[in-house]
Amino acid sequence: MNKKQEEALNDISKLLMQKRAKLISFEYYEKIFGNIVLKIEYQNEDHLFVTDRSEVYHNGKFLFEFNQAGYDYYKKTSKSPSVYFLMKAIDETLK
């Protein structure tokens, strides 16, 4: 795992701890548009989050596209857009 992947996993892990969710698997495809596949357990249910190019999915359902989200993420964070919007999706989905 390279430094970028480790940073992404650390940021996501912190959020999951706050949500009391358990990490099951994490795959970061830096060479494929920075796509991420994240499987977690939350309240005894499995959840699959996927970033694919500029889109975010939860359990196979399209949530939003980065460009449609109305954010200029480069002004808000130095994180990769995939990590930033994945964390946004987790935070908004797991209540």
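The model is predicted: local features need pLDDT of at least 70, side-chain atom pairs count only at pLDDT 80 or more, and totals for chains, interfaces and linings use all residues. Residues are numbered from 1 along each chain as its sequence is written, and side-chain values use heavy atoms, with hydrogens and water left out.

Let me begin with the overall architecture. The protein chain contains three helices and five strands; helices (H or I, at least four residues) and strands (E, at least two) are DSSP runs, numbered from the N terminus. Along the sequence, the pattern reads α-β-β-β-β-β-α-α. Of the 95 residues in the protein chain, 40% are buried. Here buried means under 20% relative accessible area, exposed means over 50%, and partly exposed lies in between, with a 1.4 Å probe and protein chains only.

The five strands form an open sheet in the order 1-2-3-4-5, with antiparallel pairing; two strands pair if DSSP finds at least two bridges between them. Which strands stand at the edges? They are strand 1 (22–29) and strand 5 (61–65); each has a single partner strand, so one side of each is left without a neighbour in the sheet. From one strand to the next, the twist averages 15°. Strand 1 and strand 2 (residues 35–42) run antiparallel and are joined by seven bridges. In strand 2, lysine 39 is the bridge partner of serine 25.

Helix 1 (residues 3–19) packs on this sheet and touches strand 1 and strand 2, where contact means heavy atoms within 4.5 Å. The direction of helix 1 makes about 155° with that of strand 1. For such angles, axes are lines fitted to C-alpha atoms, for helices over the stretch in contact, and angles run from 0 to 180 degrees between N-to-C directions.

Next, the surface. Tyr29, Ile32 and Phe33 make a nonpolar surface patch of about 300 Å². Patches are made of residues with over 30% relative accessible area and no salt bridge; like charges are joined within 9 Å, and nonpolar side chains (Val, Leu, Ile, Met, Phe, Trp, Tyr) within 5 Å. Phenylalanine 33 lies in the loop between strand 1 and strand 2, and is exposed, with a relative accessible area of 52%.

Finally, the salt bridges. How many are there? The count comes to three, where a salt bridge is a side-chain nitrogen of Lys or Arg within 4 Å of a carboxyl oxygen of Asp or Glu.

Aspartate 91 is partly exposed, at 37% relative accessible area, whereas lysine 19 is buried, at 18%.

Aspartate 46 and lysine 39 also meet in a salt bridge, at 4.0 Å from N to O. Aspartate 46 is partly exposed, with a relative accessible area of 45%, and lysine 39 counts as partly exposed at 32%.

Lysine 88 forms a salt bridge with glutamate 92, with the closest N and O atoms 2.7 Å apart. The two residues are four apart in helix 3, which means that about one helical turn separates lysine 88 from glutamate 92. Lysine 88 is buried, at 16% relative accessible area, while glutamate 92 counts as partly exposed at 42%.

Definitions and conventions
Areas by Shrake-Rupley, 256 points an atom, 1.4 Å probe, with all protein chains shown as cover.
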